[in-house]
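Please examine the sequence and the structure shown below. The report that follows describes selected features of the fold.

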Amino acid sequence: MNLHYEIPSDDLAHAGEASSSVKKMLVQLGIDPVRIKKAAVSMYEAEINAVIHGGGGSAEVTIDSDKIVIRIIDNGPGIADLELAMQEGYTTASDDIREMGFGAGMGLPNMKRYADELDIQTRPDKGTIVTIVVYFHQ
Amino acid sequence: MGEYFHSVTLDEAKCKGCTNCIKRCPTEAIRVRHGKARIINERCIDCGECIRICPYHAKKAITDDLSVIDSFKYKIAIPAPTIYGQFKPEYSRNRILNTFCSIGFDDVYEVARAAEYVSDATRKLLSEDGAKKPLISSACPAVVRLIQVRFPNLIDNLIKLESPMEVAAKMAKKKTAEKKKIDPSDIGVFFITPCAAKATSVKAPYESKQSSVDGVISIKSIYLKLLAKIDRTDESRQLAQAGFEGIRWANSGGEGLAVETDSFLAVDGIHNVISILEAVENDKIESVDFIEALACTGGCLGGPLAVENVYVAKTRIKKHVEASKAVQKGSRLPLEPYDESIVWTEEIAYKPVLKLDSDIEKAMKKLETLERINKDLPGLDCGACGAPSCRALAEDIVRGNAYETDCIFKLRERVRDLAAQMKELEEKSPPTMG
């Protein structure tokens with residue numbers, strides 16, 4: 001099944017609604033809780049990144065019986081140095097964002113940790129597409 | 001007792017079939033059917049929210065009547081620490097405890113004292129290597145059951161130690177049997193509870209095959225009896241044994257303070273607990289070693305079977321805590337050696353009660369239908385269909401437990417369509433009639 005969510009820009013109070021909705025559905029599908037956590041956490045991180053850095057965007061989610069594919073698309077500034085961004089603790093978030101408990105530089109590393117497959121397409125000033133795949137049986 | 005025994009039940013005669021409880025239930029375990037609330041047993045976690053919210057007092061917790069103690073030769077009351085918050089501050093803890101002997105009990109053992117043993121064991125667990133942090137307290141049975149149905153990834157974080165109630169019951173029985181030379185089968189231990197979930201824990205325990213508690217009596221059912229005797233009670237017997245750390249367990253944050261970690265998080269109120277557990281499950285809680293989570297607002301003092309207002313009771317508990325602190329000069333009361341294990345003997349497993357179907361393909365079809373139906377519903381979450389939200393109704397429909405026309409707006413649409421059709425037909429006449 002295919003799902004579509006709009007991701008708001010700069011609205012941290014409502015950030016994470018898409019991933020929590022997807023999580024609820026995976027529970028109703030009876031997916032292994034460990035797999036649900038992998039999908040929910042990696043999607044949450046990508047969603048938050050789109051809110052903080054990407055100026056909002058959308059989430060396209062496809063669930064089938066053996067896997068979930070999550071695509072988070074934003075039209076933000078892109079990631080200047082992807083290799084650097086993959087390092088734990090590296091962040092370009094503003095002080096304001098960090099004071100709210102976000103932007104600790106763990107987003108991409110956490111995505112890498114929890115996703116079974118992670119693909120990041122990013123172009124300066126064009127935006128970023130993060131694709132996360134989590135398999136239900138492995 | 002069956003797997004789905006619950007203390008929380010419905011008084012059919014009092015239920016008006018309103019929507020208060022269905023809206024408040026944290027696990028969406030209630031539906032109104034044929035004008036009465038129905039509890040979906042496998043989803044209920046006995047948190048008691050519905051007891052509190054029901055304006056008609058139609059939700060109740062099944063507990064034992066005081067007469068249950070008559071079937072034992074030697075009767076021991078084990079009151080929850082919440083008891084101290086129920087009486088005016090001029091009554092000492094010892095007087096409150098002695099009053100139990102005035103209403104038929106032979107002895108009293110404080111659950112607060114047992115809480116100090118549980119705190120000690122928890123401190124040891126926290127200092128062990130390899131403990132899955134944050135450790136989550138299992139003191140609140142509603143929270144344990146919540147984790148079982150909604151947060152399976154956190155089952156390993158639960159502290160699998162018996163509750164102070166169970167430890168108190170075992171200790172009281174053992175001590176009495178040894179000291180008084182009474183056959184343990186003649187000793188009855190009765191928990192005096194502010195909590196509905198604890199009643200369920202005794203009748204259908206998850207941590208062991210059988211509870212050591214012989215009966216559960218609600219504070220509110222014996223409060224007036226205690227009150228009638230409290231002034232005339234002889235308080236010379238020294239029954240107060242607990243220290244301030246155990247007494248403080250009644251309050252939200254009390255257990256957290258007792259386990260002595262620099263980084264504990266205390267949360268109370270079932271909906272707040274859910275937010276915190278969500279955050280823990282999503283790795284969003286950092287550098288916290290221990291989580292004390294209590295289903296009732298204000299902790300056990302806010303239990304649905306307590307009598308006094310939770311905030312008044314909090315102030316009173318504080319006085320008892322301060323008094324004990326002064327006597328103990330701020331240091332912890334020493335524990336007697338206790339060689340029995342208080343580790344759970346049974347494992348708890350995930351109960352996937354929200355799963356739509358055991359076959360994933362079928363579950364997927366149902367979920368798609370659910371989403372389609374949900375989009376088509378008005379989204380008012382009015383509850384008139386008997387489900388807590390439009391999405392819950394959509395879920396009930398795909399499970400085969402409800403119809404789309406249970407929604408009054410959908411029903412109205414159908415009636416309007418039908419009326420339009422009738423009008424259209426009415427305007428037609430057979431050709432012979434010209």
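## Report on the predicted model

Lys181(B) is exposed, its relative accessible area being 70%; exposed means over 50%, buried under 20% and partly exposed in between, with a 1.4 Å probe and protein chains only. This residue is not a glycine, yet has a positive phi of about 55 degrees. The model is predicted, so that local features need pLDDT of at least 70 and side-chain atom pairs count only at pLDDT 80 or more, while totals for chains, interfaces and linings use all residues. Residues are numbered from 1 along each chain as its sequence is written, chains are lettered from A and ligands numbered from 1 in the order in which they are written, and side-chain values use heavy atoms, leaving out hydrogens and water.

His57(B) also has a positive phi without being a glycine. Helices (H or I, at least four residues) and strands (E, at least two) are DSSP runs numbered from the N terminus.

| Residue | Phi | Relative accessible area | Loop in chain B |
|---|---|---|---|
| Lys181(B) | about 55 degrees | 70% | between helix 6 (164-180) and strand 8 (187-193) |

Another loop of chain B, between helix 4 and strand 7 (135-136), holds Pro134(B). Helix 4 of chain B is largely enclosed by the rest of the structure, because 13 of its 17 residues are buried.

In chain A, an open sheet of 5 strands has the order 1-2-3-5-4 and antiparallel pairing; two strands pair if DSSP finds at least two bridges between them. Strand 1 (2-7) and strand 4 (117-123) of chain A are the edge strands, each pairing on one side only. Strand 3 (residues 67-74) and strand 5 (residues 127-135) of chain A run antiparallel and are joined by 8 bridges. Lys67(A) has Tyr135(A), in strand 5 of chain A, as its bridge partner.

The largest nonpolar core comprises 56 residues, and Leu26(A), Val61(A), Ile63(A), Ile68(A) and Ile72(A) have the most contacts inside it. Such a core is a set of buried Ala, Val, Leu, Ile, Met, Phe, Trp, Tyr and Cys residues joined through side-chain atoms within 4.5 Å. Helix 2 (residues 33-52) of chain A supplies the largest share of this core, 9 residues. Apart from this core lies another, of 36 residues, including Tyr117(B) and Ile342(B).
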